[in-house]
Amino acid sequence: MKISTIIRAAAVAGLTGAVTGCALMGAGPEQTGQAPDTGSATRTDTDLYASAAQLPEQLAADGTTITVGNPAARSTVHLYEDPRCPVVEEYERTGAKALQTLLLDGQIKAQYTFASFRDDRLGGDGSKRAVNALRAALAKGKFVEYHRVLFDHQADVETSGGFTTERLLQLAGKVPGLRDVTFDQAVRTMKHHSFVTASEKAYEHTGDDPRGPGTPTVTVNGHMIDGALYPTNFDPRLFTLLITDLHQRPDTWDRLYQPLKDMGQAQEEDL
């Protein structure tokens, strides 16, 4: 079945609006919804990297973007995440699993920009401390593994004290080779506080809302997967098909995806 048929059927079936991301301020309580989990794609024999630990990772020239995967990959999935956002945790449990499979293949790379606005909304400094720790992990070449560990435990952490310094160090112990004097000191002293601040500003300058687009926000080759397409981010099979489609047939954005977004926006305005 072609991706156009699948995505169109998903939108018509009522996936539109099923999931709402974290935002700085909202008209009402945040809601989460989970699209059906149809399973992530199966790895192929053409994978360039044997495991997530082998994926290249580096800080981009802008100083705020962390790039993961084959630097020469033709397609890019850009993710905007706040470590304390529960909807980001949901994305990391669903669509992100499929993204990792695509990263191993080497044709796709991922970029991360981290927000920390949840601290202002909820109080505390857990998002800022988590972003600082992720930057410290990048300095050790362990960003991918540590990022995975943080979100594997995010729900439990947020209900039992949040991302404190000690909890971040405890979770770092689950990544072989990450903890040492340099890493621990960077976490304890907020060594990368300037990165945290600059990353939040970069997030705020994304999209039309001066507060930022909400998290998670996902773009594929510069196209924001939001509106009627947003729930696709949370379905591993549909997310894989969408990314693959835009990678292999870039013209499908104008032919299919943008019209679907426009249709969803029009329906929302009619309500």
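Colleague: How many cavities of 30 Å³ or more does the structure hold?
Modeller: Two. A cavity is a set of points on a 1 Å grid over the protein atoms alone where a 1.4 Å probe fits but cannot get out. This is a predicted model, where local features need pLDDT of at least 70, side-chain atom pairs count only at 80 or more, and totals for chains, interfaces and linings use all residues. Residues are numbered from 1 along each chain as its sequence is written, and side-chain values use heavy atoms, with hydrogens and water left out.

Colleague: What volume does the largest cavity have?
Modeller: About 140 Å³. Volume here is the space filled by probe spheres set on the grid points, which are joined across faces, edges and corners.

Colleague: And which residues line it?
Modeller: The lining of the largest cavity consists of Leu55, Val68, Glu92, Ala96, Leu99, Gln100, Leu103, Tyr112, Phe143, Val144, His147 and Arg148. A lining residue has an atom within 4 Å of a point.

Colleague: How does that lining divide into nonpolar, polar and charged?
Modeller: Eight are nonpolar, two polar and two charged. Asp, Glu, Lys and Arg count as charged; Ala, Val, Leu, Ile, Met, Phe, Trp, Tyr, Cys and Pro as nonpolar; the others, Gly among them, as polar.

Colleague: Which helices each supply at least two residues of that lining?
Modeller: H3, residues 95-105, and H6, residues 143-152. Helices (H or I, at least four residues) and strands (E, at least two) are DSSP runs, numbered from the N terminus.

Colleague: Stay with H3. At what angle does it pack with H11?
Modeller: H3 and H11, residues 236-248, pack at about 45 degrees, with their axes 8 Å apart. Axes are lines fitted to C-alpha atoms, for helices over the stretch in contact, and angles run from 0 to 180 degrees between N-to-C directions. H3 and H11 are therefore oblique to each other. Under 35 degrees counts as roughly parallel, over 145 as roughly antiparallel, 65 to 115 as roughly perpendicular, and the rest as oblique.

Colleague: Which residues meet there?
Modeller: Gly95, Ala98, Leu99 and Leu102 from H3 meet Pro236, Phe239, Thr240, Ile243 and Thr244 from H11. Contact means heavy atoms within 4.5 Å. This set has six nonpolar, three polar and no charged residues. Leu99 also lines the largest cavity.

Colleague: What about H6, which residues of H2 meet it?
Modeller: Val88, Glu89 and Glu92 in H2 meet His147, Arg148 and Phe151 in H6. By class, that contact has two nonpolar, one polar and three charged residues. The axes of H2, residues 86-93, and H6 lie 9 Å apart, at about 115 degrees. Glu92, His147 and Arg148 are also among the residues lining the largest cavity.

Colleague: New topic. Which peptide bond is cis?
Modeller: The one from threonine 215 to proline 216, with omega near -5 degrees. Proline 216 sits in the loop between H10 and strand S5, residues 217-220.

Colleague: And which residue other than glycine has a positive phi?
Modeller: Methionine 190, with phi near 55 degrees. Methionine 190 is in the loop between H9, residues 181-189, and H10.

Colleague: Why point those two out?
Modeller: Because most residues other than glycine have a negative phi, and most peptide bonds are trans.

Notes
1 Å grid on protein atoms, 1.4 Å probe; cavity = no way out; pocket = protein on both sides within 12 Å on 5 of 7 lines; lining within 4 Å.
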